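Visitor: I am new to this structure. Please show me how to read its features.

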Amino acid sequence: MIRQEEVYRIGKLGKTHGVKGEISFLVDDDVFDRVDADHLILDIDGILVPFFIEEYRFRSDTVVLVKFEGVDTQQRAAELTGCHVYFLRTLADDDDGQFSLASLVGFDITDAATGTPIGRIAGIDDTTANLLFCLESGQLIPASDDFITDINTDTRQIAMSLPEGLLEL
């Protein structure tokens with residue numbers, strides 16, 4: 001059984017395409033393009049289920065038309081519309097040290113100097129010019145390389161050296 005902490009969200013399935021089971025996949029993360037994977041994980045009624053990829057093709061930078069094995073009709077593909085799509089963290093971690101921002105959701109942030117916990121990342125806000133870590137507490141922290149001193153994928157921790165007073169804002 002696949003557990004939630006083993007995966008991270010990379011997009012959502014959109015509408016069907018054609019009558020042979022293709023469906024549009026709205027991609028939020030480029031890991032799908034960087035890492036070879038023979039399957040994606042779909043959230044079906046709260047259960048994480050692997051779906052093996054038969055074929056896919058990019059329609060744009062953010063939309064992929066995907067055909068899953070065993071999904072051969074428009075009706076069957078329509079049943080998957082709206083499902084969130086996840087990627088295994090272990091596959092993403094093997095990506096030559098490259099990190100996807102979405103893969104950092106669930107990591108704990110600590111102060112690099114003192115080791116004091118700052119909070120857990122609940123999401124990434126990329127709607128502004130500066131990327132922000134959205135913590136479970138509701139606090140926003142700049143996701144800048146200038147502040148990140150270490151990322152440990154084994155312990156799922158990020159050490160940050162933040163400017164004095166930033167956490168009080």
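Guide: We will go through aromatic pairs, nonpolar cores and a sheet.

Guide: This is a predicted model, where local features need pLDDT of at least 70, side-chain atom pairs count only at pLDDT 80 or more, and totals for chains, interfaces and linings use all residues. Residues are numbered from 1 along each chain as its sequence is written, and side-chain values use heavy atoms, with hydrogens and water left out.

Visitor: How many aromatic pairs does the structure hold?

Guide: A pair of aromatic rings is described by the distance of the centres and the angle of the planes. Rings of Phe, Tyr and Trp (its six-membered ring) pair if their centres lie within 6.5 Å; planes under 30 degrees apart count as stacked, over 60 as edge-to-face and the rest as tilted. The structure holds three such pairs. In one of them, Phe51 and Phe68 have ring centres 5.5 Å apart and planes at 65°, so this pair is edge-to-face.

Visitor: Which strands hold Phe51 and Phe68?

Guide: Strands (E, at least two residues) and helices (H or I, at least four) are DSSP runs, numbered from the N terminus. Phe51 lies in strand S4 (residues 47-58) and Phe68 in strand S5 (residues 63-68).

Visitor: Are Phe51 and Phe68 buried or exposed?

Guide: Buried means under 20% relative accessible area, exposed over 50%, partly exposed in between (1.4 Å probe, protein chains only). Both Phe51 and Phe68 are buried. Now take Tyr56 and Phe58: their ring centres are 6.0 Å apart and their planes at 80°, so they too are edge-to-face. Tyr56 is partly exposed at 39%, and Phe58 is partly exposed at 38%.

Visitor: How many residues does the largest nonpolar core have?

Guide: In soluble globular proteins, nonpolar side chains tend to be buried together. A nonpolar core is a set of buried Ala, Val, Leu, Ile, Met, Phe, Trp, Tyr and Cys residues joined through side-chain atoms within 4.5 Å. The largest one here has 24 residues. Those with the most contacts inside it include Leu40 and Phe68. Apart from this core lies another, of 13 residues, Leu104 and Ile141 among them.

Visitor: In what order do the strands of the open sheet run?

Guide: Strands of a sheet pair through backbone hydrogen bonds, either parallel or antiparallel. Two strands pair if DSSP finds at least two bridges between them. Here six strands form the open sheet, ordered S10-S9-S8-S7-S12-S11, with mixed pairing. Strands S10 (140-142) and S11 (148-152) are the edges. Strand S9 (residues 132-135) and S10 run antiparallel, joined by three bridges. Phe133 has Ile141 in S10 as its bridge partner.
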